[in-house]
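Student: I would like a close look at one part of this protein. Please walk me through it step by step.

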Amino acid sequence: MIQRIQTIWLLLAATLSFVSLQTSFFSGIKPLANDTAVQSEPAFTQITGMTNWMLLATTVVMALIALISIFLYKNRPTQMRVALVGLLLSVGLIFLYYRESRQFPAGQGTMDLSALVVMFIPFLFFLAIRGIYKDEHLVKSVNRLR
């Protein structure tokens, strides 16, 4: 299990998913309320994986899918499907971060360098799927020789 390269990719994807819960994706100045009775000052805000429940749930599910996929090494087609779901979730997570960052006024925020953590996760899932596919292809070619 550990000698397969896709295990390393999936473990890195799970680790980066959990790291993205604490790292900032986008930060800037966002008005707190639009109520005229309560005059609020704009506050510096950071968007992390724990900013709202949708980001939190997607990030945790994506990390758990990566961990579960590691232990499906005996059933490669299922492992590939689960990793593909993780890839789709990671792309969806990037969309959720983008949607959350659009709530800032124009010019009042910037994307942080730690956003690369979230952007790297789909690439890791892709590498894992490619490794699983190569393993499956290798097993099929060995079975033809028997």
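Tutor: Start with the whole surface. The protein has an accessible surface of about 8,800 Å², and carbon and sulfur atoms account for 68% of that. Keep in mind that this is a predicted model. Of its 146 residues, 38% count as buried.

Next, the layout. There are 4 helices and 3 strands. Read from the N terminus, the elements run α-β-β-α-α-β-α. Our part is helix α4, which covers residues 115-145.

Take Ala115, which belongs to this helix. Is Ala115 buried or exposed? Ala115 is buried, because its relative accessibility is 3% and the cut-off for buried is under 20%.

Which residues does Ala115 touch, leaving out those up to four places away in sequence? They are Ser24 and Phe25. Look at Phe25 in particular. Ala115 and Phe25 stand 90 residues apart in sequence, yet their C-alpha atoms are 4.4 Å apart in space. Now set that beside the whole protein. Among contacts between residues at least 6 apart in sequence, 77% join residues at least 24 apart.

Now move to Leu116, also in helix α4. Leu116 counts as exposed because its relative accessible area is 54%, and exposed means over 50%. Leu116 is also one of the residues in a nonpolar surface patch. The patch is formed by Met111, Leu113, Leu116 and Met119. Together they have about 430 Å² of accessible area.

Methods. Residues are numbered from 1 along each chain as its sequence is written. This is a predicted model: local features need pLDDT of at least 70, side-chain atom pairs count only at pLDDT 80 or more; totals for chains, interfaces and linings use all residues. Side-chain values use heavy atoms; hydrogens and water are left out. Helices (H or I, at least four residues) and strands (E, at least two) are DSSP runs, numbered from the N terminus. Buried means under 20% relative accessible area, exposed over 50%, partly exposed in between (1.4 Å probe, protein chains only). Contact means heavy atoms within 4.5 Å. Patches are made of residues with over 30% relative accessible area and no salt bridge: like charges are joined within 9 Å, nonpolar side chains (Val, Leu, Ile, Met, Phe, Trp, Tyr) within 5 Å. Accessible areas come from the Shrake-Rupley method with a 1.4 Å probe; for residues, only the protein chains shown count as cover. A salt bridge is a side-chain nitrogen of Lys or Arg within 4 Å of a carboxyl oxygen of Asp or Glu.
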